[in-house]
Amino acid sequence: MSKRASNTYTLVADIGGTNTRVALAEGTRLLTETVRKYHNADYAGLETVLRAFIAQEDGVDCKGACVALAGPVKNGRGTMTNLDWEIDEAALARATQAEEVALLNDLQAQGHAIGHLPEGSVRNLIAGPAPDAAAAKLVIGVGTGFNIAPVYETPGGRFVPAAEAGHANLPVTSEEELALIRHFQTSHGFPAVEDMLSGRGFERVYAWLSDAKGAPSEKRAADIMQGFENGSDPVAQEAAQMFVRMLGTVAGNLSLIQLPFGGVYFAGGVARAFSPHFAALGFLDAFRDKGRFAGFMQNFAVHVIEDDFAALTGCATYLEAH
């Protein structure tokens with residue numbers, strides 16, 4: 001028999017390409033001491049992961065379950081590029097026996113987490129006007145991939161629609177960027193935002209710059225970042241600047257489309273790694289480089305979410321609201 005009361009807790013999970021995190025929540029409060037991480041390759045599917053977690057929690061009987069995943073969700077079914085699991089609400093209900101179940105895109109979950117995260121887990125990068133809790137917000141995720149989630153406060157509650165913004169075209173603001181985009185088009189068939197603004201995209205930028213300088217080299221993103229931060233690799237410095245300026249351009253474009261007067265919120269490991277260097281690498285200039293609308297761009301504060309469990313909190317918040 002479970003040591004926890006029945007129909008009191010919700011089960012929340014965040015599925016990434018490599019690992020899945022699972023935890024319990026009580027209302028909107030994530031029980032961080034229950035968070036467990038499972039290596040996806042060790043399990044046949046989502047159901048086996050969730051059953052393993054429930055067993056480790058002494059067979060806890062949850063009243064609801066919500067899973068966030070890095071991929072599109074439609075009609076209660078989710079798909080991921082690098083994971084062949086069956087991920088749908090029916091499987092979630094079978095595994096947890098919960099009365100209420102839901103699937104969210106991981107950026108949607110991040111959007112639902114805003115305003116419910118622990119003190120100190122959101123850092124301000126660029127100041128803006130006094131915050132307005134009712135204003136629209138925008139989450140931009142930069143990690144293994146790239147995506148966004150607008151956040152709207154409505155009379156019926158918070159609405160966070162899904163998007164697949166990482167597969168839109170990269171913009172062009174210079175001859176150098178045009179050459180890079182042509183390279184992406186040749187290599188990948190379509191120059192998508194995610195081809196550059198992601199961990200593997202940063203690696204591609206470095207490889208392209210190295211090749212253009214006549215000294216071809218391929219490195220992992222972490223090694224490139226180290227070479228940039230310790231000043232040992234001039235190509236890494238150039239790649240970092242090109243990456244961050246493109247991120248500023250794209251984030252500025254998205255801000256004009258969504259008008260997030262409540263703030264822009266970066267999420268994801270790559271965004272967190274670069275955020276201390278935004279000022280030095282020219283993010284703000286690129287973000288506000290919108291011609292006669294440059295002054296208008298001062299309406300948008302920019303933040304970074306530094307909580308690794310934000311998607312889990314977002315799942316809990318979504319279930320509590322619904």
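Visitor: Where does Asp195 lie?
Guide: In this predicted model, Asp195 is part of helix H5, which covers residues 193-196.

Visitor: Is Asp195 buried or exposed?
Guide: Asp195 has a relative accessibility of 13%, so it counts as buried, the limit for that class being under 20%.

Visitor: Which residues is it in contact with, leaving aside neighbours within four places in sequence?
Guide: With those neighbours left aside, Asp195 is in contact with Phe184, His188, Phe190, Gly201 and Arg204.

Visitor: Let us move to Glu176. Which helix holds it?
Guide: Glu176 is found in helix H4, residues 175-188. Its relative accessibility is 36%, so Glu176 counts as partly exposed.

Visitor: And what is Glu176 in contact with, beyond four places in sequence?
Guide: Beyond that range, Glu176 is in contact with Trp208, Leu209, Glu238 and Met242.

Visitor: How far apart are Glu176 and His112?
Guide: In sequence they are separated by 64 residues, and in space by 38 Å from C-alpha to C-alpha.

Visitor: At what angle do the axes of H6 and H8 cross?
Guide: The axes of H6 (residues 199-212) and H8 cross at roughly 130° and come within 9 Å. The crossing of H6 past H8 is right-handed.

Visitor: What is Phe146 in contact with, neighbours within four places aside?
Guide: Apart from those neighbours, the contacts of Phe146 are Ile140, Gly141, Ala165, Gly166, Val193, Glu194, Leu197, Leu247, Val250 and Leu254.

Visitor: Now for H1. Which of its residues are buried?
Guide: Helix H1, residues 46-56, has Leu46, Glu47, Val49, Leu50, Phe53 and Ile54 as its buried residues.

Visitor: Why do they line one face of the helix?
Guide: Viewed down the axis of H1, the buried residues fall within an arc of 165°, so they line one face. In general, an α-helix has 3.6 residues a turn, so residues three or four places apart point the same way.

Visitor: What covers those buried residues?
Guide: The cover includes strands E1 (10-15), E2 (19-26), E3 (29-39) and E7 (83-88), together with helix H2 (89-96).

Visitor: What follows H1?
Guide: Asp58 follows H1, and its phi is positive, near 60°. Most residues other than glycine have a negative phi.

Visitor: And Asn75, what is its phi?
Guide: Asn75 has a positive phi near 55°. It is placed in the loop between strand E5 (73-74) and strand E6 (77-80). At 74% relative accessibility, Asn75 counts as exposed.

Visitor: Where does Gln97 lie?
Guide: Gln97 is in the loop between H2 and strand E8 (100-105). Its phi is positive, near 60°, and Gln97 counts as exposed at 57% relative accessibility.

Definitions and conventions
Residues are numbered from 1 along each chain as its sequence is written. This is a predicted model: local features need pLDDT of at least 70, side-chain atom pairs count only at pLDDT 80 or more; totals for chains, interfaces and linings use all residues. Side-chain values use heavy atoms; hydrogens and water are left out. Buried means under 20% relative accessible area, exposed over 50%, partly exposed in between (1.4 Å probe, protein chains only). Helices (H or I, at least four residues) and strands (E, at least two) are DSSP runs, numbered from the N terminus. The arc is that of the directions from the helix axis to the C-beta atoms. Contact means heavy atoms within 4.5 Å. Axes are lines fitted to C-alpha atoms, for helices over the stretch in contact, and angles run from 0 to 180 degrees between N-to-C directions. A crossing is left-handed if the near helix is turned anticlockwise from the far one by less than a right angle, and right-handed if clockwise.
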